[in-house]
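Biologist: Can you walk me through some of the helix packing and strand pairing here?
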Amino acid sequence: MPAGQRLVIVESPAKAKTIAGYLGDGYVVESSIGHIRDLPRSAADVPAEYKGLPWAKDGVDVDNGFKALYVVSADKKQQVSKLKALLKESDELYLATDEDREGEAIAWHLLETLKPKVPVHRMVFHEITKPAIQAAVDNPRELDTKLVDAQETRRILDRLYGYRVSEVLWKKIMPRLSAGRVQSVATRVVVERERARMRFTEAGYWDLEGVFTAAGQDERLSATLVQVDGTRLATGRDFDPDTGRLTRDVLQLDEASARSLAERLEPAAFEVRSVDEKPYTRRPYAPFMTSTLQQEAGRKLRMSSRQVMQTAQRLYENGYITYMRTDSTNLSETAIAAARSQARDLYGPEYVPDQPRTYAKKVKNAQEAHEAIRPSGDVFRTPGQVAGELRGDEHRLYELIWQRTVASQMADARGTTASVRLGARTAGGQDAEFAASGRTITFRGFLAAYVEEVDDQSEVTEREDAEKRLPRVTVGQSMTTDTIDASGHTTSPPARYTEASLVKQLEELGIGRPSTYASIISTIIDRGYVWKKGSALVPTWLAFAVIGLLEQHFGRLVDYAFTASMEEDLDQIADGARDSVDWLTNFYFGNPEGKEGGLARQGGLKKLVTENLGDIDARAVNSIEIGTTEDGTPVVVRVGRYGPYVEIGEKKASLPEDLAPDELTVALAIELADAPSDDRLLGQHPGSGLDIMAKKGRYGPYVTVVEPEGSKAKPATASLFASMDLGSVTLDDALRLLSLPRTLGEVEGEPVTAQNGRYGPYISKGKESRSLQDEESLFTVTLEQAQELLAQPKARGRAAAAPPLKELGLDPVSGKAMVVKEGRFGPYVTDGETNASLRKDDSPEELTDERASELLADRRARGPVKKKATPRRTAAKKAPAKKAAGKKKS
């Protein structure tokens with residue numbers, strides 16, 4: 001790299017490529033590939049000079065001003081070396097990471113690690129366009145240490161909270177569980193909704209639906225009975241969801257009384273009692289910020305929060321949209337001008353108001369970050385103009401952002417709302433009143449460009465552009481009765497959260513930050529606290545146990561108001577209004593005499609998790625009672641190391657993994673407990689004397705050694721061969737399976753093993769592996785035969801593909817044809833890009849296009865399959881390295 005050039009460092013290779021194209025000669029743009037260093041992930045990451053120190057594994061010296069120990073990640077060392085080499089040949093360094101807290105922290109870590117001796121500039125921008133990048137180069141700023149302090153405080157807080165509370169879960173529930181400042185509270189939100197569904201008691205009520213015609217008109221008026229003799233008729237919102245009883249003084253009709261009233265009203269003379277018309281105005285929706293983008297893309301595009309953020313990240317890095325992590329709904333003057341111009345050109349001047357629109361956020365703990373999420377540039381490209389460059393999710397999300405941005409600067413929608421009351425008296429003198437309501441839109445305004453989707457949990461039941469016209473009637477006008485029918489209804493339990501509605505709830509509670517919602521939801525799913533049933537989020541019994549423990553013994557840590565107040569405190573640190581070390585000291589050690597309330601008054605996190613430990617009854621927190629049998633025997637769900645099971649007296653039964661907690665009734669629990677179990681005791685291990693069981697698991701049948709209650713040892717398990725059956729597998733079979741992997745010997749100092757893997761039996765030596773012909777070969781292959789196989793080149797080709805089991809239509813996301821194929825683990829649907837296994841209730845023959853696309857969407861939402869880490873051999877020890885701790889900033 002010639003002298004005189006300038007080095008620009010960004011986070012991602014895609015961002016580097018785009019920016020390099022704008023800067024041209026004289027600049028070298030390189031990526032840090034995210035964070036280059038962090039707190040130690042394990043004891044193995046701790047540098048030699050810190051090993052043995054009691055705080056080193058945590059990475060935080062709580063007794064010395066909460067100094068953090070930072071280490072360069074093993075997978076980033078090569079990239080750091082590359083950056084250092086480039087820096088040696090540079091005259092200036094530009095740190096062009098994102099302008100939020102995370103980006104500021106990455107920039108600071110780069111400074112601390114690279115230790116540049118050339119001038120350093122902080123380069124910030126909220127869109128990646130040529131003018132924006134050039135302006136950022138021309139107008140650099142200093143590093144914002146207050147933002148760095150705030151981010152470091154969050155990182156230390158999350159590390160201490162996560163490690164200290166997780167240790168309690170390991171001891172009282174099961175090993176390798178995790179807790180988190182925001183993830184545990186988010187899990188509690190989902191669990192509380194499921195508890196409400198479990199408490200729910202259904203109630204029934206009836207009303208009447210009438211169809212009437214005004215004299216001389218053909219248009220009919222549909223109306224619903226709303227009151228009888230001046231008493232309002234009961235609707236679903238009048239019932240207590242827990243008891244099913246009425247909570248207000250209203251009239252509840254049953255079927256018999258409703259049908260009787262309908263018969264008595266058929267001959268009655270109806271007339272219009274009131275007509276009320278009001279002008280209707282609807283303002284446009286604000287431009288997207290991170291949380292509203294996740295919600296609306298979830299509703300309209302059926303994308304998970306993680307999909308939304310990953311797609312938005314690509315759009316930003318390639319210059320299509322502005323920065324996608326923002327709490328702001330503000331638009332710059334140039335963006336407002338671009339949106340108004342485009343609305344005027346596409347829809348006409350009457351669709352643009354005289355004055356530009358501005359939007360103020362009403363989100364708890366909101367931050368004025370940068371600008372709303374919008375198309376980049378001073379002139380927006382329409383979805384049609386980028387159709388040749390973007391496809392699939394990227395094009396759909398860009399179109400959504402473009403529509404919302406343009407609509408935000410358009411005129412109000414206008415119309416009229418109308419309500420009509422009509423009534424009659426029966427021959428017996430009973431008065432009945434019916435009501436109808438409607439809406440007409442006279443000027444669509446912004447609705448011509450964009451209509452927000454209705455949320456499953458919203459009280460709004462129809463879209464903003466929905467119209468219902470009522471016939472023109474006047475007060476006193478007679479109405480002819482066409483039909484009056486009795487209609488029965490039942491109350492519904494509260495809807496489970498979807499990703500979109502959970503994001504909305506977290507935002508309203510002030511919990512977490514919009515930029516973290518996608519990772520929070522992914523975390524609680526990946527760690528087994530929540531699973532998805534369609535688009536609904538369902539908590540596991542494990543989540544019930546964890547949240548129950550935290551609520552009973554560490555209630556403050558999962559309190560919604562307390563968690564939101566921590567966000568406010570962290571914002572004050574970012575603004576420089578609070579000192580991070582003082583705040584962390586109060587949080588961790590407590591300050592009973594100070595002004596701080598809550599956890600500080602209780603003695604801090606350290607005291608809370610150590611002093612309460614002996615009070616926690618492990619069996620009690622792992623038990624969730626769901627009711628009693630007729631003879632009073634408790635029906636209890638227990639969370640065990642092999643999964644949840646129901647216990648009724650001496651009877652036990654494993655719970656199906658796809659059974660939601662609110663679906664487990666006492667009757668079903670009894671049925672499961674009385675049913676014969678698929679689990680079989682095969683005998684005892686000849687060496688340890690421990691029981692060996694054959695079980696049915698999520699990924700097929702397997703055998704396992706049953707460790708004693710309270711043991712921390714990981715039980716040995718092995719999947720059955722394809723030729724084996726759960727009902728006939730023997731103890732000898734189990735012992736053979738559990739003996740795998742089988743070591744054949746050593747070659748060149750490396751062990752050669754025969755193993756059974758996900759894709760079948762194979763032999764392995766270091767990084768080399770070769771497939772075996774069949775599973776029995778695992779027990780017969782010799783070291784010599786293994787060496788012969790390893791000496792052969794890897795087979796790159798595959799056998800001719802079998803014809804699909806069924807051909808389907810096009811997937812709405814990828815636009816590609818979907819087919820059902822037979823795989824090693826059963827049938828699956830694929831569009832050529834994404835594979836999704838069929839569920840147990842799906843059959844290839846009956847699979848519809850809609851169900852296939854739903855399975856593919858769910859698989860995409862869970863992200864790519866995570867590969868298991870391969871243990872590395874320990875290299876020869878080198879001389880002690882230089883100190884790897886990042887010094888605390890003054």
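Biologist: At what angle do helix α6 and helix α13 pack, and how far apart are their axes?
Modeller: In this predicted model, α6 (residues 183–199) and α13 (residues 517–526) pack at an angle of about 70°, and their axes are 10 Å apart. Angles of 65 to 115 degrees count as roughly perpendicular, so α6 is described as roughly perpendicular to α13.

Biologist: Which residues make that contact?
Modeller: On the α6 side they are Q183, A186 and T187, while α13 brings in I520, T523 and I524. By class, the residues of this contact divide into 3 nonpolar, 3 polar and no charged.

Biologist: And what about α3 against α5, what is the angle there?
Modeller: Helix α3 (residues 101–114) packs on helix α5 (residues 145–172) at about 100°, with the axes 8 Å apart, and that makes α3 roughly perpendicular to α5.

Biologist: Which residues meet, and how many of them are charged?
Modeller: R101, E102, E104, A105 and W108 in α3 meet L147, V148, A150, Q151, E152 and R154 in α5. The contact of α3 with α5 has 5 charged residues, along with 5 nonpolar and 1 polar.

Biologist: Switching to strands: how many bridges join β22 to β23, and do they run parallel or antiparallel?
Modeller: Strand β22 (residues 680–684) and strand β23 (residues 691–697) run antiparallel and are joined by 4 bridges, with Q684 having D691 in β23 as its bridge partner. Their hairpin has 6 residues between the strands, and in it G689 takes a positive phi near 80°.

Technical notes. Residues are numbered from 1 along each chain as its sequence is written. This is a predicted model: local features need pLDDT of at least 70, side-chain atom pairs count only at pLDDT 80 or more; totals for chains, interfaces and linings use all residues. Side-chain values use heavy atoms; hydrogens and water are left out. Axes are lines fitted to C-alpha atoms, for helices over the stretch in contact, and angles run from 0 to 180 degrees between N-to-C directions. Helices (H or I, at least four residues) and strands (E, at least two) are DSSP runs, numbered from the N terminus. Angles under 35 degrees count as roughly parallel, over 145 as roughly antiparallel, 65 to 115 as roughly perpendicular and the rest as oblique. Contact means heavy atoms within 4.5 Å. Ala, Val, Leu, Ile, Met, Phe, Trp, Tyr, Cys and Pro count as nonpolar, Asp, Glu, Lys and Arg as charged, and the others, Gly among them, as polar. Two strands pair if DSSP finds at least two bridges between them.
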